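Please look over the model below before reading on. The points that follow are meant for someone who has not seen it before.

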Amino acid sequence: MQWSDYTTGERIKILRGKDTSQADLAEMTGLSVATIQKFEQGKQMSLNTLLRVADALGVDTSVILGQQAPRRAMLQTDRTMMRSLSQTIHDTAAGLLPDAIDEGEEEVLREAIDRCWDSYWKGEYTAAGALAIPILPQAAAYLRGQPVGEQGAAWGLLADGYRLAAYVANLMGARDLAYSAIGHAQVAAQHSDDELQPALVASGRAWVYLRDARLEDALKLAERAAVDIEPRFSTATPEQLTVYGSHVNFAAVVASRMKNKELVKDYLSQSNATGARMGNEHRARGTLFGPVTADTQAVGIAVALGQTGKALDLISGIPDGALGELTDAARNRFAMDKAMAQADAKLWDASLDTLEKALVEAPVWARHQALPSVIVQKVGRASTTRIRRVSALIGVRPGVEGGFAPATRKSAL
């Protein structure tokens, strides 16, 4: 069933979701509960009322009228945050800052950015976006207050803010906003005095390309970013190794989506060497890398290449205790790759066990992932009851995809 096939009343009810009652929506719009009930039963709305309901639900009027589908798996809180984030990105880029904002302090901004990354890597994307909203104008105000010729660090902070915003938009499926934010991040990075910043932003843009199924463009950009920051192992700092390792890992991921096995082998070799050099996981500049990350990413790459036996062998060699060193999002992603490998091996029940456990443990993270749906489609011979239960946990309604093209095994990441 397509989004346009629902009635306007049904669309309002779906958009309202379980977290917002009719009474809540009535209070948010200034209408009576009885009026909201009538709307959901099919009563026509005036233009003014339609605008009020759309604003309360955080969507365009075209979504309520069925002319445009909502973003996949978005709750009202997600939509409200995304609308504010979009306004903030565009206003900040245009130099339109709040009247009462002060210049702020560098250390305070860095702490806020670190908190935002923490939320992001926990899979709390709505929270991360909400934190990015005040960071952007504050970083712009801090930049404005720095003397000419001494703005390098401030430009770097602004680049971080835009990159965070782009990552959140990317996960939420807001393609145009992701492109816009990463473009502003690129401009800021070029003015910064941080040699790693341009490569970090380039890698971020490559990820946007990947989600938009622009695989060749993604690979070119990922390769260039990795080459630009390749360090000398003998003198490299943990931060440099972390950033470089994550870059070559991502290049291997993109190459795997293009089925370029030779290039995958080359980048995985560099990834493993970097992880071995580091000895343990290290977090820096909004990313985490180390030997465990290298091993778990290799599983996803083997799955993407259709190397099911290799993927299962790699999985068996990763101790459960080692996964605790990963971020929540990375650990959950590994569970998805494991479930996919089990599905490819026709281990239907094992695949659903792995998938269901991850969905139950990380429901907020799972709402914004496409791969669980791909796995369920793959598992065709398991118990119908179990498939229905897992599908309910995924919570993706047919016909309401939006933003990027529907994710496939090539573009889901």
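Predicted model: local features only at pLDDT ≥ 70, side-chain atom pairs only at ≥ 80, totals over all residues.

1. Residues are numbered from 1 along each chain as its sequence is written, and side-chain values use heavy atoms, with hydrogens and water left out.

2. Helix α17 (residues 328-344) and helix α18 (residues 348-361) have axes that come within 7 Å and cross at roughly 165°; helices here are DSSP runs of H or I with at least four residues, numbered from the N terminus, and axes are lines fitted to C-alpha atoms over the stretch in contact, with angles from 0 to 180 degrees between N-to-C directions. The two helices are therefore roughly antiparallel to each other, a label given to angles over 145 degrees.

3. In this pair, Ala335, Met336, Lys338, Ala339, Gln342 and Ala343 of α17 meet Trp348, Ala350, Ser351, Thr354, Leu355 and Ala358 of α18, where contact means heavy atoms within 4.5 Å. The residues of this contact divide into eight nonpolar, three polar and one charged; Ala, Val, Leu, Ile, Met, Phe, Trp, Tyr, Cys and Pro count as nonpolar, Asp, Glu, Lys and Arg as charged, and the others, Gly among them, as polar.

4. The axes of helix α6 (residues 76-93) and helix α9 (residues 152-172) come within 11 Å and cross at roughly 145°. On the α6 side the contact includes Met81, Leu85 and Ile89, and on the α9 side it includes Tyr162, Val168 and Met172. By class, this contact has 11 nonpolar, one polar and one charged residues.

5. Thr274 is placed in helix α14 (residues 261-278) and, at 0% relative accessibility, counts as buried (buried is under 20% relative accessible area, exposed over 50% and partly exposed in between, with a 1.4 Å probe and protein chains only). Leaving aside neighbours within four places in sequence, Thr274 is in contact with Phe233, Leu241, Tyr244, Gly245 and Phe289.

6. Gln41, in the loop between α3 (33-40) and α4 (47-57), counts as exposed at 69% relative accessibility. Gln41 and Lys13 are 28 residues apart in sequence and 9.5 Å apart in space, C-alpha to C-alpha.

7. Most residues other than glycine have a negative phi. Ala213, however, has a positive phi of about 65° although it is not a glycine, and it lies in the loop between α11 (197-211) and α12 (215-228). Lys259, in the loop between α13 (238-257) and α14, also has a positive phi, near 65°.

Conventions
Parallel < 35°, antiparallel > 145°, perpendicular 65-115°, else oblique.
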